[in-house]
Amino acid sequence: MKSISKIILALLLILSSNNVIKAQGDGPRSYLLGPKCVVGINPKWLSLSQNFLPGSNILIETAALKVNVFPTTLFYNFGIADHLSQVQFMFNPGKATGSITSDLNVPYNNLEATGFSDGFVAFKFGLLGTPALNLLQFAKHKPCFSMFSYFRLWYSGTYDSSHALNLGSNRLTYEMGLPMAIPVFKSLKHPVWIETYPYIQFYSTNTEPSIISRANESYQKPLFVIENHATYNITNKFWAGIDLRYQYGGAVELDGVTQDNKINILGGGISAGYQIMSFMSASASYGGILSGDNEARSDMFRLSMVFVYANTKNLKKKK
């Protein structure tokens with residue numbers, strides 16, 4: 001029983017990544033099946049150099065921003081009608097600095113914002129290939145195609161309309177998508193996974209936009225995103241992979257006038273992860289924009305830890 005528990009927890013750590021910030025995606029190993037009755041916490045550090053406003057997906061061509069945030073996600077796996085489900089809550093402290101030039105060529109230099117960037121509450125429900133398995137059942141489960149329905153509600157972080165730079169967005173974001181995982185090489189020791197997550201984000205109106213916009217209302221059009229990852233377990237504890245992400249849409253309207261900042265970009269990067277102990281794993285990612293319109297720029301480095309807890313006492317009693 002002891003050896004089985006080690007295998008289960010090893011699998012659990014591999015399958016429990018939840019790397020996320022709104023403009024950077026969830027990261028690899030975020031959409032794989034896991035066991036029920038598991039609770040975890042996923043703290044991260046993201047260092048970003050970009051011309052997207054933090055807390056939102058708004059592209060500003062003349063911006064040059066440095067952002068450091070520490071998104072921390074709490075999650076719990078459980079079953080509903082024998083389908084694996086998950087609830088999440090994320091809060092996102094951080095700091096941003098940099099400069100922005102307005103449409104009138106007025107420079108806003110030495111900008112700084114501290115506090116919280118946008119966070120979220122989320123619910124994930126299994127649709128296909130997503131049985132709600134306990135730890136023992138999960139250890140024996142053969143990799144198969146899976147698909148979830150996923151809904152996230154992003155809430156605004158720290159915001160002040162009198163500031164040219166804010167960590168929060170002063171609006172709500174409604175995200176809906178269908179994360180899927182496809183096993184290419186069905187080996188429990190050296191699995192190869194392809195993950196894809198097509199989703200769309202809708203935004204509420206910001207009725208108090210930043211002073212730099214010189215507008216009474218700001219509204220961002222829906223943004224379509226498809227996130228993709230291919231990962232391979234080189235050893236039982238170490239995995240590596242490549243990431244691709246395409247975004248389209250998201251142009252901003254200021255007082256009903258559409259701005260020339262539609263997002264049409266392809267991003268890519270590399271990731272790797274390692275299981276440090278049975279209850280703790282770590283991963284790192286580096287990525288940037290491969291091609292895009294409107295001078296979009298973004299470079300990202302991410303470190304992530306995952307800590308999980310699963311009660312195995314009842315399982316031991318059933319031996």
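This is a predicted model: local features need pLDDT of at least 70, side-chain atom pairs count only at pLDDT 80 or more; totals for chains, interfaces and linings use all residues.
Let me begin with Phe89, which counts as partly exposed because its relative accessibility is 36%, where partly exposed lies between buried, under 20% relative accessible area, and exposed, over 50%, with a 1.4 Å probe and protein chains only. Phe91 also counts as partly exposed, at 31% relative accessibility.

Residues are numbered from 1 along each chain as its sequence is written, and side-chain values use heavy atoms, with hydrogens and water left out.

Now to the aromatic pairs, meaning rings of Phe, Tyr and Trp (its six-membered ring) whose centres lie within 6.5 Å, with planes under 30 degrees apart counted as stacked, over 60 as edge-to-face and the rest as tilted. By this rule there are eight aromatic pairs. The ring centres of Phe89 and Phe91 are 6.3 Å apart and their planes stand at 35 degrees, so this pair is tilted. Tyr150 and Tyr197 form another tilted pair, at 5.8 Å centre to centre and 40 degrees between the planes. That pair links distant parts of the chain, since Tyr150 sits in strand β6 (residues 146-155) and Tyr197 in strand β9 (residues 192-203), 47 residues apart; strands here are DSSP runs of E with at least two residues, numbered from the N terminus. Tyr150 counts as buried at 5% relative accessibility, and Tyr197 counts as buried at 0%.

What about the interior? A nonpolar core is a set of buried Ala, Val, Leu, Ile, Met, Phe, Trp, Tyr and Cys residues joined through side-chain atoms within 4.5 Å. The largest one has 21 residues, and Leu53, Ile60, Leu65, Val67, Ile100 and Leu165 touch the most other members. Strand β2 gives the most to this core, with three residues. Leaving aside neighbours within four places in sequence, Leu65 is in contact (heavy atoms within 4.5 Å) with residues including Leu48, Phe52, Ile100 and Leu165. A second, separate core of 16 residues includes Phe120, Tyr150, Trp154 and Tyr203.

Finally, the strand that holds Leu128 is β5, and Leu128 is partly exposed, with a relative accessible area of 43%.

Notes
Helices (H or I, at least four residues) and strands (E, at least two) are DSSP runs, numbered from the N terminus.
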